Amino acid sequence: MKIEQNHIQDTNKSGLQSHKENFDFLANNLSKKGANVEAIVSKLKDFQVAIPSWALGAGGTRFGRFSFYGEPSSLEQKIQDIGLIHSLTQTAGAVSLHIPWDIPQDYAAVKDLANGLNIKFDAVNSNTFQDQKDAKETYKYGSLSNTSEAVRQQAIQHNLDVINIGNKLGSKSLTVWLADGSCFPGQTNFQTALQHTENSLKDIYKGLPDDWSMLIEYKPYEPNFYSTVIQDWGTSFMLANACGEKAYSLVDLGHHLPNSNIEQIVSVLMLKGKLGGFHFNDSKYGDDDLTVGSIKPYALFLIFNELVYGMQNNPQNPDLAWMIDASHNVKDPLEDLIQSLEAIQEAYAKALLVDQAELKAAQLNNDVVKCQEILQDAYRTDVRPLLAEARRLAGGALSPINAYRALGVRDTLIEERGKHTVATGL
Ligand code: RM4
Ligand code: MN
Ligand code: MN
């Protein structure tokens with residue numbers, strides 16, 4: 001299935017007039033307060049978030065997995081699904097491949113397909129948290145940190161292979177997330193595990209093309225429950241520094257212990273020029289991988305406020321690789337992704353509304369009340385007309401969810417693919 005421009009325009013028709021009224025009203029109010037509405041809309045239009053190739057299928061837990069039918073059963077179909085979301089939202093212009101779940105068979109064809117849908121290849125993700133069929137060594141007790149040199153070598157080689165695959169597609173970064181750690185006190189020697197990990201990452205780094213970056217993700221627990229080798233941003237930052245200037249930390253929103261001040265982490269990393277990637281999701285308890293903005297939208301806004309500040313004030317920090325890292329257990333993944341993209345854009349738009357000069361002045365005066373007023377004024381603004389306008393200008397849908405349903409996307413996919421297809425992934 002492919003959504004044509006005229007289909008989108010048809011679904012936009014009925015809402016166009018009221019959109020125009022809402023947008024004009026908001027734009028007028030914001031302009032009076034000194035905001036540059038045109039610049040904000042243009043920033044929203046340019047903001048693109050990668051969809052991981054594992055997020056198009058039904059997620060699940062260790063207790064079960066429930067299909068919603070019509071799942072993509074090949075990489076090509078996954079890219080087509082991203083194309084559908086992208087045509088409606090104009091925000092999902094990239095795919096992040098997970099190897100080996102989604103190794104292309106025909107590189108030229110996959111590139112052509114993505115090209116035709118305006119989708120770029122973002123970071124490639126390695127996987128040393130599962131044993132692959134026919135693999136000689138097992139990752140049961142770790143990969144890059146393993147006590148066995150043969151295991152470490154296999155994991156290093158896998159990462160080099162992933163770089164090679166990404167290179168053929170035009171990717172420019174490798175994301176490394178390790179499940180390495182221990183489940184019980186005394187199981188591993190912390191120092192040895194960290195030292196092995198650092199050396200292994202350095203070996204991978206040596207194989208990184210000049211214009212590539214390596215993004216090092218951290219996570220405090222799961223699947224290991226006593227310790228994780230790269231447990232927090234400090235460890236990731238330390239490893240990135242040890243590897244070199246092309247290595248960065250990656251923040252995944254779900255990879256923090258409850259109540260961590262993620263916005264502060266973001267701000268410190270950007271000050272040091274070491275924030276390279278960002279994974280969006282939301283959570284109540286741990287790495288829940290829920291729809292972005294569904295649980296803690298104010299925290300998301302505060303994080304975006306620091307991201308915007310960093311993008312405006314920290315030229316030492318590179319452009320970030322943005323990705324949604326969520327899992328869809330009870331919703332249609334495409335609808336869930338559309339909701340996530342909307343939440344991301346909403347938080348971004350609100351952060352762009354913060355009057356940085358006014359905030360700085362209030363901070364210098366230690367006017368705590370004013371500081372809060374400034375942030376909350378931006379947060380309480382209903383920015384949805386700005387998002388709709390950015391989409392309209394880019395040729396997207398005024399309301400992607402409504403258009404998705406009106407166009408009967410899921411039913412068509414079920415007709416085309418059948419009910420019982422299964423996507424690769426977790
Ligand atoms: C991990 C981590 C990685 C993702 C895997 C599937 O918890 O978030 O980014 O590749 O899940
Ligand atoms: Mn992640
Ligand atoms: Mn995760």
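**Questions at the model**

Visitor: Why does Asp289 count as buried?
Guide: Asp289 has a relative accessibility of 14%, and buried means under 20% relative accessible area, with exposed over 50% and partly exposed in between (1.4 Å probe, protein chains only). The 14% of Asp289 therefore puts it in the buried class.
Before we go on: this is a predicted model, in which local features need pLDDT of at least 70 and side-chain atom pairs pLDDT 80 or more, while totals for chains, interfaces and linings use all residues. Residues are numbered from 1 along each chain as written, chains are lettered from A and ligands numbered from 1 in the order written, and side-chain values use heavy atoms, leaving out hydrogens and water.

Visitor: What makes Asn366 exposed?
Guide: Asn366 has a relative accessible area of 63%, so it passes the cut-off for exposed.

Visitor: What do you notice about the phi of Asn366?
Guide: Its phi is positive, about 55°, although Asn366 is not a glycine. Asp289 likewise has a positive phi, near 55°. Most residues other than glycine have a negative phi.

Visitor: Which protein atoms are donors of the manganese ion (ligand 3)?
Guide: They are His255 (NE2) and Asp287 (OD), 2.2 Å from the ion. Donors are N, O and S atoms within 2.8 Å of the metal (3.2 Å for Na, K and Ca), so both qualify; water is not among the atoms, so the site may look incomplete. His255 lies in the loop between strand S9 (247-252) and helix H8 (262-271), and Asp287 in the loop between strand S10 (275-280) and helix H9 (297-313), so the pair ties together parts 32 residues apart in sequence. Those labels are DSSP runs numbered from the N terminus: helices (H or I) have at least four residues and strands (E) at least two.

Visitor: How far apart are the manganese ion (ligand 3) and the manganese ion (ligand 2)?
Guide: They are 4.0 Å apart.
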